[in-house]
Amino acid sequence: MPTIRRFVKYLTLATAALALLTTAPTAMATVPEPVAAKALPQATAAAADTWQPPLSTQGRYIVDARGNRFRLKSANWDGAQGSWTGSGSITDPANHHAGQDSYGIPLGLDRAPLPELLADFHELGINSIRLPFSNEMIHATAPVPDVAVAANPQLRGRTPLQIYDAVVAALTQDGFAVILNNHTNTSRWCCGIDGNERWNSSQSTQQWTDDWVFMARRYATDARVVGADLYNEVRRDVLDDPNWGTGDSHDWYAAAQQAADRILTEANPNLLIVIEGINWTGVPVDGLPHDRPTLTPVRTLSHTLVDAHKLVYSAHFYGYTGPRHSGATGIGETHDARYQDLTRDQLYQVLADQAFYVTTEGQHYTAPVWISEFGIGANETGTAARTWFGNITDYFADHDADFAYWPLVGWEGHDDWALLRYDTAGRRYGILDQGDWRATAWSHLMTSPTRTGTITPVPVWRMLTTDHGDQVQSVRVRAGGDWDSGAYKAACPDGLRLIGLSHTSGRGLCTDTTAGDLRAAGNAQTVVTDERHVPTGGDWASGYTKLQCPAGQFLIGYSRRGDRVSAALCAPGRSPLGATGRTVWFDRSDTRPADTAGGDFAYGAYKGQCSADEYAAGIAFTTRVGSSAGPAALLCTPLKP
């Protein structure tokens with residue numbers, strides 16, 4: 001969000017930063033029960049009927065339950081994540097972002113009735129709302145003061161969470177899709193050294209995931225609550241960087257995977273899971289390492305969820321930040337280029353490199369990319385900043401991108417970034433008025449050609465990793481319990497089959513290409529730990545140990561103990577499968593199809609992969625001295641007899 005420009009100076013002033021941390025509120029209380037929202041007029045019922053929840057993904061696109069494209073044309077209705085800046089009295093509006101005290105609820109409820117706000121949202125043309133919240137908001141028990149809901153007296157006496165409930169219900173009744181966004185731990189304006197740098201900065205990862213399960217369950221019966229945006233702008237604190245895959249307590253990749261699995265299996269299997277890249281690492285001082293990784297780590301380490309059609313990646317772009325620029329001015333500012341300093345071509349290349357490459361079809365990382373924050377002020381006069389806004393909205397328009405503007409609602413005379421601003425009498429100002437210079441770019445973005453209608457299903461490719469533990473992503477396999485106790489285990493999501501393995505690093509590749517879901521009904525599976533299923537005369541890897549599936553079964557998983565293959569996991573086919581296969585060796589080089597479908601699922605390691613018209617029926621390895629005990633060959637067999 002916009003005030004990131006202030007955050008970096010604290011990274012070089014650790015003492016001041018730690019003092020700030022001590023002011024962050026930490027008290028948590030019993031969660032209040034929801035209070036039913038008042039029914040709102042259904043004037044826009046027709047708009048609600050134009051799409052059918054739940055949402056899922058097909059390749060780079062989000063689709064509704066009918067398989068039709070649903071482009072997220074969104075805006076951020078902020079406030080419930082907190083507006084206090086962390087200094088001075090929390091009761092003084094001067095100590096809140098732009099002088100706006102949100103009271104921990106969505107902004108504007110003191111100035112305009114909910115039906116009027118929603119009607120204005122529709123006039124903008126948006127179809128979805130990113131709705132931030134804080135973990136502190138979930139547990140707060142004190143009702144908000146009456147002044148916070150002056151224009152909506154029906155909400156008096158309610159806690160912040162109960163008002164959040166009412167806002168969610170109002171939005172979804174009016175046809176909007178709602179994406180829940182865990183923006184902060186504490187109810188405090190993001191983003192600096194503020195106790196909200198990571199999902200676990202002010203709480204444990206367990207508490208964070210528990211809260212997500214609670215929120216996902218709370219709205220599980222509201223089908224138009226379509227997504228869980230797991231955490232906002234993960235970044236460095238005073239001493240430590242977040243990372244993507246090291247397996248420690250700062251591993252954002254692993255934490256997001258854990259939260260996603262719990263949400264989909266314990267709370268609401270229908271939600272899209274939105275995972276934002278890393279916003280900042282390093283110390284912003286010339287000569288010291290620093291970077292804005294965004295989604296670049298996804299190229300070599302992507303997520304695989306228990307539902308292969310629920311993953312959405314996201315990133316944020318503001319003109320005053322840059323590929324390696326924090327957005328700071330003065331103390332903490334480096335000489336790196338800001339996005340608004342780049343030429344149009346340079347900006348487009350950076351957007352592709354940092355985020356939009358993820359939309360490339362046929363890769364293990366392929367997913368929709370949602371730019372869940374971008375924005376600029378109505379009072380901006382700088383030529384570079386204005387040019388950047390035109391360029392980035394052109395890019396979104398030209399690339400048919402999913403997006404969410406920051407912010408949607410503000411107070412007139414306070415936050416000129418807001419698309420819509422309201423004065424104390426409830427009068428509306430903003431981008432819908434003549435004279436707002438942003439309107440031209442906004443109109444182009446909202447009216448640009450977009451793909452609509454049915455999205456033809458495309459093959460799914462997903463990575464498996466056993467870098468630091470199990471990755472059993474099949475709900476059906478999980479139902480069968482621990483099939484190789486003590487080993488690191490991996491299994492493809494239901495509907496996919498194992499098609500590739502790496503010689504080292506414990507990576508695998510899953511797909512449904514060509515044949516769709518091969519597995520027979522039921523949870524039958526076979527754990528193979530020896531050569532009993534290798535037929536007489538069928539030695540397809542002489543001198544190597546061969547773990548081969550029984551006839552009519554195919555590989556869906558594997559396990560390892562250290563570098564050594566431990567077991568193969570097989571499932572019966574729903575129809576007859578081919579029986580005579582070929583050996584694909586990959587212990588000395590890559591052996592993958594020429595089209596390299598699925599992409600590099602084990603960067604830096606030798607890999608083997610069956611062709612699209614084959615299934616993997618066996619794994620061969622050796623334990624001879626001096627050789628790696630990892631997979632050395634696959635038995636690749638035609639899908640059809």
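Q: Helices (H or I, at least four residues) and strands (E, at least two) are DSSP runs, numbered from the N terminus; at roughly what angle do the axes of helix 5 and helix 6 cross?
A: This is a predicted model, in which local features need pLDDT of at least 70, side-chain atom pairs count only at pLDDT 80 or more, and totals for chains, interfaces and linings use all residues. Residues are numbered from 1 along each chain as its sequence is written, and side-chain values use heavy atoms, with hydrogens and water left out. Axes are lines fitted to C-alpha atoms, for helices over the stretch in contact, and angles run from 0 to 180 degrees between N-to-C directions. The axes of helix 5 (residues 160–173) and helix 6 (residues 205–218) come within 12 Å of each other, and the crossing angle is roughly 40 degrees.

Q: Which residues of helix 6 make the contact with helix 5?
A: Helix 5 and helix 6 are oblique to each other, because their angle is neither under 35 degrees (roughly parallel), nor over 145 (roughly antiparallel), nor 65 to 115 (roughly perpendicular). Contact means heavy atoms within 4.5 Å. Helix 5 contributes Leu161, Tyr164 and Asp165, which meet, on helix 6, Phe214, Met215 and Arg218.

Q: Which residue forms a salt bridge with Arg428?
A: The structure holds 31 salt bridges, each a side-chain nitrogen of Lys or Arg within 4 Å of a carboxyl oxygen of Asp or Glu. In one of them, the closest N and O atoms are 3.2 Å apart, and the pair links distant parts of the chain, 305 residues apart, with Arg428 in strand 16 (residues 428–430) and its partner in helix 3 (residues 114–124). The partner of Arg428 is Glu123.

Q: What is the bridge partner of Val584 in strand 29?
A: An open sheet of 4 strands has antiparallel pairing in the order 23-28-29-26. Its edge strands, each pairing on one side only, are strand 23 (545–548) and strand 26 (582–585). Strand 26 runs antiparallel to strand 29 (residues 633–638), and 4 bridges join the two. In strand 29, the partner of Val584 is Leu634.

Note on methods:
Two strands pair if DSSP finds at least two bridges between them.
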